[in-house]
Amino acid sequence: MRFKLFNIREDEKPYAYQWGQTNGHEIECTEEDLTLDNVHTLSSFDGVSTQQLFKFDDRIYEALKDVGIKQIAGRAAGFDMFNLDEAAKHDIKITNIPSYSPNAIAEFAVCRALELIRNINKINKKVEHQDFTWDETVIAKELRSMTVLVIGVGRIGKVSAQLFKGFGAEVIGYDPYDQSLSDIEYVQSLQEGLSKADLITLHVPANEETTHIINEETIKYMKNGAYLVNTARGATVKTNDVIQALNSGKLHSVALDVYENEFAYFSYDYTDKEIEDPTLKELMSRDDVLISPHIAFYTHTAVQNMVEISLDSALEVITTGYSENEVQLSKV
């Protein structure tokens, strides 16, 4: 069989080619997005994998069916770039990677949380100006004295909760669908959790229920001077409301590995180019914001798993019509 991987990065290629060699299938890689302009190139292929972050044109699903493609294997946990209704209408099955390496993202969330608590950004900027003094702007809290709210206690949230507990923090969880982690306390409303937490970390998918789950109204329930970490999806946070909360002191500082308008910038090299998004520019300029380019997942283990699991899923759909990683409408 022949498989084509779109949006491929150099670090993914060795794992893709090795999978092909091991399983006896032909692999072709391209850095291009999958679009209506190039879908015709798939007429001689059996399977497709993508890593596209922005939404597909709804017409892509019919076009894929017309060239004989039965599936799209996403190389990520998120699936908000797909229109599952349109895919289903044209018998296109969508698969994702439910768990490529929960530790990768959970460890990054804890890392960023520690940087916020210890004021690392502010310390670095003082040192850059040869200011080696101690003052109230850089005095820190200790994680063991804090209450951490994990919003979304699934695969990644569970690991995150356990890591924070390892530092001695009191960890509480909010998750209406999964309360199976026995060694933390669960709250039954988001408002209750926000009111108790010194630090909030997000580990939820992007869907109608979670879009802008952090906004002006929910921020009002937070403690004054709370910390926020988002390694989930950009759509879960209303960025301008967070900026207002930083300006007022309601939020002490935030770490954003994702951003709701990230698609034009994250994963691209903007060296010597003008960033035209004023909100992103403000986030980058602030010493109470840590911004990173959707990179929490980025470890060798995670990349290998994302490539191999996506191709395994594509092969399953083609040969059996089913994959346990198929994204169902009921998941949204």
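In this report, Ala, Val, Leu, Ile, Met, Phe, Trp, Tyr, Cys and Pro count as nonpolar, Asp, Glu, Lys and Arg as charged, and the others, Gly among them, as polar. The structure described is a predicted model.

By that grouping, the lining of the second largest pocket comprises 12 nonpolar, five polar and seven charged residues. This pocket has a volume of about 490 Å³. Of the 24 residues that line the pocket, Lys55, Asp80, Met81, Ala206 and Asn207 lie nearest its centre.

The UniProt record, an unreviewed entry, assigns residues 113–296 the feature "domain: D-isomer specific 2-hydroxyacid dehydrogenase NAD-binding". In the model, this span is 30% helix and 16% strand, and its end C-alpha atoms lie 13 Å apart.

Helix 11 covers residues 300–320. After helix 11 comes Gly321, which has a positive phi near 80 degrees.

How many disulfides does a search of the whole structure find? The search finds zero.

| Residue | Relative accessibility | Class |
|---|---|---|
| Cys29 | 17% | buried |
| Cys111 | 38% | partly exposed |

Cys29 counts as buried because its relative accessibility of 17% is under 20%.

Key:
Residues numbered from 1 in each chain as written. Predicted model: local features only at pLDDT ≥ 70, side-chain atom pairs only at ≥ 80, totals over all residues. Heavy atoms only, no water. Helix = DSSP H or I, 4+ residues; strand = E, 2+ residues; numbered from the N terminus. Expected span 1.5 Å × (residues − 1). Disulfide = S-S within 2.5 Å. Buried < 20%, exposed > 50% of the residue type's maximum accessible area, 1.4 Å probe, protein only. UniProt positions renumbered as here; feature names shortened; annotations may be inferred. 1 Å grid on protein atoms, 1.4 Å probe; cavity = no way out; pocket = protein on both sides within 12 Å on 5 of 7 lines; lining within 4 Å. Points joined across faces, edges and corners; volume = space filled by probe spheres on them.
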